[in-house]
Amino acid sequence: MKLFGQNSLSPVIGKARYADFSCAAVSICLFLLFWQFSSALFPRARLIPPPTTVIPAFIRSFYEPIGSETMPGHIFRSLYRVFLGFSLASVTGVTLGILSGRNRLANAIINPFIEILRPIPGIAWIPIAILWFGTGENGKVFILFIASFTIIAANTHDGARHVDPELVGAARMMGASSTRIFFTVVLPCCVPQVFTGLQIGLTINFMTVVAAEMIRSRSGLGWVVSTGNDSGNMTQVMVGLVAIGIIGFALSSLLRLAEKRLLIWNAN
Amino acid sequence: MWHLATDVWHLTSPKLLPGPVKVFEDFIAKFSSKRSDGATLPDHTWSSLVLVLKGYFFGVLVGMPLGIMMGWSKWVRRFIRPLFDLLRPIPPVGWLPVVLILFGIGQEGKVFIIFFATLMPCVLNAYSGITQTGESLLTLAQSFGAGRVKQLFFVAIPSALPQLFTGLRTALSTSWATLVAAEMLAAQKGLGHMIQINRMNSNPSYIIVAMLVIGVTGALFSLVLGLAEKLLRRS
């Protein structure tokens, strides 16, 4: 499964970069203008604060706390939760995925579970998480874990199952033990697929943390949006959404960069 | 394992996690009973299906052409992509407050949320499918005198078909998964609504029934689309 578009870098980087950048600036400005005047065009949009209110409020949030924390604090909280849930999910997901991809018995046991759990979205687990773990941090980490675990496991499973049998055969013929084959052939072969799974998982986790924080929390980006909504403070809602957009964008750019660096041999 | 942990060994209290037998009984009972959330299970499922398919339909209608244009034309890409990248990480529930103001609590708001969730995978897959069209194929078509439009419809789109299908499939499962978020916005029926209500009534076995129905329906969706893809590929 592929969720990310490839970043097509043209050979003439300098000039193209410049054009890309200026076009991006123009289109974002156009979008802001549209937003600014949308309240004049659509009477229903008048309750949504224009960017001239939201952007100063966004900048202000960096030194004036919203609730108990300033914006960097909220960002840090959310990212920390994502990090906890995501690391748990990647360890278990990759292990189970490799197990079920390489072993027929494990596959028969693990795969049905994953296939049924996979379409259930993270936020559907919220009631269950609250019942089991209460409204504290553990519940949120559980939601994040379950939201990305299945997708990581499914991708790893695909990768491990489609390891070229000829490579394995060749290694075996040259007398490699099965542990050795596992570590030197199977594992490296499924790295690209595992990486795709991790990428999608992290993106999903970032989205889920916002949803999870909307339910019960005292800090985090989702909290900023939901308390803004509860108290009818639309400026705060928009500030939260802007922050989510920017951080999410930064996160996915980082991942793309990491992929390019780490998987240099995997050309496509 | 579930059965053992709950009904045989009583590791957890039935208030926290009801055993599979209880869940199954409730599942059967829910087919006819309106108890505790005001509609039967088929009703909930049907209204969720209609909602999701509406949003999905509009999402595909807008997303596919947009993604194809983004992949095909440098200028469309340059202008649309930055906006797209910034809006993408905002989760469907994040849109709830805004949608509430723009559309009120009716059907349109819910359809909009699902539309938005469908849009993303459609655009991304169409985009990357089109950009991966072989350069040599395009040059070949060009040297046979095909114009840009012909190149797009006869070379680029057919060669991107597998990716377009992946987009359709991913989009369907995403839109189905967004259901719960969309129905958090006032609803009278629907599986997401069923989860919400039974959470307030602390009725875990109905929550699990709803979750399992979501899970199984989602799995069925991807199975059906996978089959359709196989059939289409063969013909």
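The contact between the two chains draws on 44 residues from chain A and 41 residues from chain B, with two residues in contact if their C-beta atoms, placed from the backbone, lie within 7 Å. This is a predicted model, so local features need pLDDT of at least 70 and side-chain atom pairs count only at pLDDT 80 or more, while totals for chains, interfaces and linings use all residues. Residues are numbered from 1 along each chain as its sequence is written, with chains lettered from A and ligands numbered from 1 in the order in which they are written.

**Chain B's side of the contact**
- On the side of chain B that touches chain A, the elements giving two or more residues are α4 (74-87), α5 (92-103), α6 (107-131), α8 (148-182), α9 (191-200) and α10 (204-234) of chain B.
- Of these, α10(B) gives the most, with eight residues.
- By class, this side has 28 nonpolar, nine polar and four charged residues. Ala, Val, Leu, Ile, Met, Phe, Trp, Tyr, Cys and Pro count as nonpolar, Asp, Glu, Lys and Arg as charged, and the others, Gly among them, as polar.

**Chain B as a whole**
- Chain B has ten helices and zero strands; helices (H or I, at least four residues) and strands (E, at least two) are DSSP runs, numbered from the N terminus.
- Of the 235 residues in chain B, 47% are buried, meaning 20 or more other C-beta atoms lie within 10 Å of a residue's own.
- Take the contacts in chain B between residues at least 6 apart in sequence: 71% of them join residues at least 24 apart.

**A helix pair in chain A**
- Helix α6 (residues 137-161) and helix α8 (residues 178-215) of chain A pack at an angle of about 155 degrees, their axes 8 Å apart.
- That makes α6(A) and α8(A) roughly antiparallel to each other (angles over 145 degrees count as such).
- The crossing of α6(A) and α8(A) is right-handed.
- Residues of the contact of α6(A) with α8(A) split into 14 nonpolar, ten polar and two charged.

**A:Gly136**
- A:Gly136 sits in the loop between α5 (126-133) and α6 of chain A.
- A:Gly136 counts as exposed because it has 11 C-beta neighbours inside 10 Å; the cut-off is 12 or fewer.
- Its C-alpha atom is 7.9 Å from that of A:Arg216, 80 residues apart along the chain.

**Confidence**
- The predictor gives the complex an ipTM of 0.72 and a pTM of 0.77.
- Chain B has a mean pLDDT of 77, and 82% of its residues reach 70 or more; pLDDT is the predictor's confidence in each residue, from 0 to 100.

Notes
Axes fitted to C-alpha atoms, helices over the stretch in contact; angles between N-to-C directions. Parallel < 35°, antiparallel > 145°, perpendicular 65-115°, else oblique. Left-handed = near helix turned anticlockwise from the far one by under 90°.
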